[in-house]
Amino acid sequence: RCFGVYAGTAILVNYLLMVTWLPAVVVLHERYLLNIFTCFKSPQQRPYNKKNCWNVMCEKVQELLFTVSEASRIFFEKVLPCIVIKFRYVWVFGFLAITIGGAYIVCVNPKMKLPSLELSEFQVFRSSHPFERYDAEYKKMFIFERVHHGEELHMPITIVWGISPEDNGDPLNPKSKGKLKLDSSFNIASPASQQWILNFCQKLKNQTFYYQTDEQDFTSCFIETFKQWMENQDCDEPSLYPCCSQSGFPYKQEVFELCIKRAIMELERSTGYHLDSKTPGPRFDINDTIRAVVLEFKSAYLFTF
């Protein structure tokens with residue numbers, strides 16, 4: 001529809017320009033430009049002056065144009081008709097062979113086929129041709145092709161706390177990755193940090209680039225999952241205290257450090273959530289102390305590779 005509007009508008013504008021500008025340009029050319037450029041005048045109208053370089057150049061241009069015109073006239077009036085008439089049988093059999101060959105390719109082998117269930121596009125070349133193999137085989141290897149068939153892979157948003165943004169590797173050695181340096185001032189267990197992380201997750205989920213989903217997500221923001229787990233624990237069992245609903249959010253530091261480990265083990269048993277180096281969540285050191293936090297959300301943008 002947009003192309004139709006564009007084509008119609010272009011035709012109308014072209015017609016208006018031709019009706020208005022073309023007559024004006026022709027009048028200007030005949031009245032003024034011919035008097036300025038003497039090369040366009042006939043030899044009788046040009047003043048003869050051997051010492052004028054402009055006249056000499058105009059004569060050379062006229063001779064060149066005359067030579068090209070004569071060569072074109074001779075080719076189209078004598079050479080081309082001779083080639084067509086003398087070799088008429090060659091042309092007839094040649095084009096007939098091309099027609100028969102094209103009909104054989106289209107109708108017999110490999111012939112054009114209607115789209116099948118396996119291949120939704122028309123097949124033009126042989127099945128072994130790279131173009132056809134792309135539609136049949138290679139297309140499935142690219143995510144931007146599979147997106148149209150419902151296989152959407154959203155680009156993640158990964159946020160890390162507790163790591164110093166320092167590149168201490170060898171800049172002259174591409175294989176040197178350096179060493180991880182932790183931020184000693186980071187403390188997620190403090191009540192202020194818990195509240196800040198929770199507010200951050202809630203604000204981020206209200207952004208336009210966040211991908212909203214109806215599925216229950218245990219991994220994107222661990223503080224929300226941990227808070228929900230604490231509120232669902234019944235304090236009637238003494239063994240659960242203080243990791244139960246009786247403790248209010250934000251939790252005390254000692255309560256947080258104790259209950260976060262219980263929550264991770266409980267979620268691993270009940271939901272299959274396993275905390276490792278590839279899943280978001282808290283990161284512990286050898287002393288079971290949280291030294292870093294990784295949050296990961298799905299964005300509304302898809303991978304294009």
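Guide: Helices (H or I, at least four residues) and strands (E, at least two) are DSSP runs, numbered from the N terminus. This is a predicted model, in which local features need pLDDT of at least 70 and side-chain atom pairs pLDDT 80 or more, while totals for chains, interfaces and linings use all residues. Residues are numbered from 1 along each chain, and side-chain values use heavy atoms, without hydrogens or water.

Residues 6-28 are 100% helix and 0% strand, with end C-alpha atoms 32 Å apart. Residues 87-106 are 95% helix and 0% strand, and their end C-alpha atoms lie 29 Å apart.

Now the packing. Helix 6 (residues 191-204) meets helix 7 (residues 222-232) at about 110°, with axes 9 Å apart (lines fitted to C-alpha atoms over the stretch in contact; angles from 0 to 180 degrees between N-to-C directions). Helix 6 is therefore roughly perpendicular to helix 7 (65 to 115 degrees; under 35 is roughly parallel, over 145 roughly antiparallel, the rest oblique). Gln194, Ile197, Leu198, Cys201 and Gln202 of helix 6 touch Ile223, Glu224 and Lys227 of helix 7 (heavy atoms within 4.5 Å).

Helix 7 also packs against helix 8 (residues 253-271), at about 90° with axes 10 Å apart. These two helices are therefore roughly perpendicular. Among the contact residues are Phe222, Phe226 and Trp229 of helix 7 and Val255, Phe256 and Leu267 of helix 8.
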